[in-house]
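Hello,

Here is the structure I promised to pass on to you. Have a look at it first, and then read on for what I found in it.

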Amino acid sequence: MKVVFNAMPTTEAMTLWEGGSDAYGLLPETRTSDGAGYPCRHCLENVDAGEDLLVLAYRPFPTLQPYAETGPIFLHKRPCRRHEASGALPAILTSPDYIVRGYGHDDRIVYGTGAVTPIDQIPERAAELLARPDVAYVHVRSARNNCYQCRIDID
């Protein structure tokens, strides 16, 4: 089974780049990157020092429901090319570990699937979870702040 890391959909990023509101109905804030620590969820690369970025509330779920976690993310202010889905770890994953957690076909957390996972074990852990019939997709989230990083699916 091959897993692929997927970025925020371009249609969602375009809405924000064109002046649309975030998951809370607010306009994104604009900041200037001072270097590391601003991972863009569309290209899955860091926003370089001196580049402008958007800070916004993001909900990577199709509908509102109790498990639809919403949190802060960063996005290049100027449109960037979406990360090409692949099995390679995205450039933004630079911490030693991340929370890897499975979600069901109903977009709810599948209890017992979440674990802080060393970065080199993320693809293997995601494949294990995605082999389960009750897991539809996996999120990679910050182990320190629970911020959404990207989604993992089966290719």
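**Around strand β5**

Strands β5 and β7 run antiparallel and are joined by six bridges. In this pairing, Arg-101 stands opposite His-139 of β7. On to β6: four bridges join β5 to that strand, again antiparallel, and here Tyr-98 stands opposite Thr-117. Helices (H or I, at least four residues) and strands (E, at least two) are DSSP runs numbered from the N terminus, and two strands pair if DSSP finds at least two bridges between them.

Before going further, please keep in mind that this is a predicted model, in which local features need pLDDT of at least 70 and side-chain atom pairs count only at pLDDT 80 or more, while totals for chains, interfaces and linings use all residues. Residues are numbered from 1 along each chain as its sequence is written, and side-chain values use heavy atoms, with hydrogens and water left out.

How many residues of β5 (residues 97–103) are buried? Seven of the seven are, so the strand is largely enclosed by the rest of the structure. Buried here means under 20% relative accessible area, exposed means over 50%, and partly exposed lies in between (1.4 Å probe, protein chains only). In a regular strand the side chains alternate between the two faces of the sheet. In β5, Asp-97, Ile-99, Arg-101 and Tyr-103 point one way, and Tyr-98, Val-100 and Gly-102 point the other way.

**The sheet**

β5 belongs to an open sheet of five strands with antiparallel pairing, in the order β1-β8-β7-β5-β6. At its edges stand β1 (3–6) and β6 (115–118), each with a single partner strand, so one side of each has no neighbour in the sheet. On average, neighbouring strands of this sheet are turned by 35° against each other, direction ignored; for this angle, axes are lines fitted to C-alpha atoms (for helices over the stretch in contact), and angles run from 0 to 180 degrees between N-to-C directions.

β7 (residues 137–142) also pairs with β8 (residues 148–154), in the antiparallel sense and over four bridges.

**Two loops to look at**

The loop between β7 and β8 holds Asn-146 and Cys-147. Asn-146 has a positive phi of about 70° although it is not a glycine, and it is partly exposed, with a relative accessible area of 29%. Is Cys-147 buried or exposed? Cys-147 is buried, at 19% relative accessible area. Leaving aside residues up to four places away in sequence, Cys-147 touches Arg-41, Pro-72, Val-140, Arg-141 and Ser-142, where contact means heavy atoms within 4.5 Å.

In the loop between β5 and β6 you will find Asp-107. Asp-107 is not a glycine either, yet has a positive phi of about 65°; it is buried, with a relative accessible area of 16%.

**Helix α1 and the cores**

In helix α1 (residues 10–17), Ala-13, Leu-16 and Trp-17 are buried. They cover an arc of only 100° around the axis, which puts them on the same side of α1; the arc is that of the directions from the helix axis to the C-beta atoms. Among what covers these buried residues are β3 (52–58) and β4 (71–76). After α1 comes Gly-19, with a positive phi near 95°.

The largest nonpolar core has 19 residues, and those with the most contacts inside it are Phe-5, Ile-122, Val-138, Val-140 and Ile-152. A nonpolar core is a set of buried Ala, Val, Leu, Ile, Met, Phe, Trp, Tyr and Cys residues joined through side-chain atoms within 4.5 Å. Two or more residues each come from β1, β5, α2 (122–130), β7 and β8, and α2 gives the most, with five. Apart from this core lies another, of 18 residues, among them Ala-13, Leu-16, Trp-17 and Leu-53.

**The whole protein**

There are two helices and eight strands, which follow the pattern β-α-β-β-β-β-β-α-β-β along the sequence. Buried residues make up 46% of the 155 residues. The C-alpha atoms fill a box of roughly 40 × 30 × 25 Å, taken along the principal axes.

Best wishes
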